[in-house]
Amino acid sequence: MSSIDRVKERKKDIIRRHARADNLKGLTQVLTTLASVALLWRAALWSADFSYWLTVAAVLLLSLFTVRAFALMHECGHGSLFRTAWLNRAFGFILGVASGMPQYVWSKHHSFHHATNGNWEKYRGLYTTLSVDEYAAMSDAQQRMYRRKCSIATAPLAGLIYVIFNPRFNWLKGSIGLMSHILKGKVARPEVSIKVHAASFETRYWKSYREYWHMFWNNVVLLSIWGLMCWAFGTWPFFAIYLISASLAGGVGIILFTVQHNFEHSYASEGSDWDYDAGAIEGSSFLILPRWLNWFTANIAYHHIHHLSAKIPNYRLIECHNEYRDLFSDVTRVKLSHVPLSLKYILWDRRAQRIISVAEYRQQMNQAI
């Protein structure tokens, strides 16, 4: 029996034993994280007057706690951090503000990733992984740009765009489009209500009223906090600390997410042959991280189990892995030192149904000549 078949056979038992949320554990994780973020902000702003070294240390720690806030927000989106639905919603929103991301809207997109993990025809990851044929059709300059985009050096910039710029820009652009649509509609058909005109508006930025209003309040609260912090501590100190810590946190998050699905010959199927459990076991890596980094990332390194069932809380992932470790022998282990190498696997080979590196692609091209 293959490892995938053995996982399928015992999957219900795994979920039954470990998909059990604990409100007290979830609340402890959230409150300690948010309190640490607040204290580190105070330390960073206070130390800026007399010691830049202390400020740098505070900003680095703030970045790590922001990563943890994002990881816990992500878990609220799955409804797995707390047993109670309203706690997941309430703290998901708060953690979304703390990490810069409209949680409800983000969680909808992230759920699509879970539903299609390993099906690269439907979901290509944060970097929109190209197929070999798409890469071959690019010019040399475009290929260089693509390779640089998928690197550690550009990850902080990508993180800043992902968690700070895009959520604000998409909301503003979408809202302007909505207002323009309503105004044009009222001019053309004044007898029709604003609500009806608004309902006919279509955008890629949100799919429902609930998504829009969650995005709206996330931005209103976050921008209000920005204003208050600038007023209280000064625009330059606030944004210097905020943008650096958000960039580093976003960069770390993007790198972690990428190497958990882009690694040497990871599972990359198409729709017709795709299998959910194969995507979890062969299309998700097990990152071997030091204990302290596992804590800051809420054990997301145990990604194979997270993709078997997103209902298993972060505080049960290690226990679950250890109990069923015999099932996970085929899961690819990626050490921290191997992360730069894994980031080179950025091409989808449709024919081989796997992720390959640019070096392998070039070797294939040389052999074809």
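1. Ser180 is partly exposed, with a relative accessible area of 30%, where buried means under 20%, exposed over 50% and partly exposed in between, computed with a 1.4 Å probe on protein chains only. Ser180 sits in helix H8, which covers residues 155-188; helices here are DSSP runs of H or I with at least four residues, numbered from the N terminus. Although 21 residues separate Ser180 from Phe201 in sequence, their C-alpha atoms are 9.9 Å apart in space.

2. This is a predicted model, in which local features need pLDDT of at least 70 and side-chain atom pairs count only at pLDDT 80 or more, while totals for chains, interfaces and linings use all residues. Residues are numbered from 1 along each chain as its sequence is written, and side-chain values use heavy atoms, with hydrogens and water left out.

3. Thr258, which belongs to helix H11 (residues 235-259), is buried, its relative accessible area being 7%. Once neighbours within four places in sequence are set aside, Thr258 is in contact with Tyr127 and Leu343, contact meaning heavy atoms within 4.5 Å.

4. Met138 lies in the loop between helix H6 (132-136) and helix H7 (140-149), and with a relative accessible area of 24% Met138 counts as partly exposed. Not counting residues up to four places away in sequence, Met138 touches Leu130, Gln143 and Tyr146. Ala71, by contrast, is 67 residues from Met138 along the chain, and the C-alpha atoms of these two residues are separated by 35 Å.

Note on methods
Helix = DSSP H or I, 4+ residues; strand = E, 2+ residues; numbered from the N terminus.
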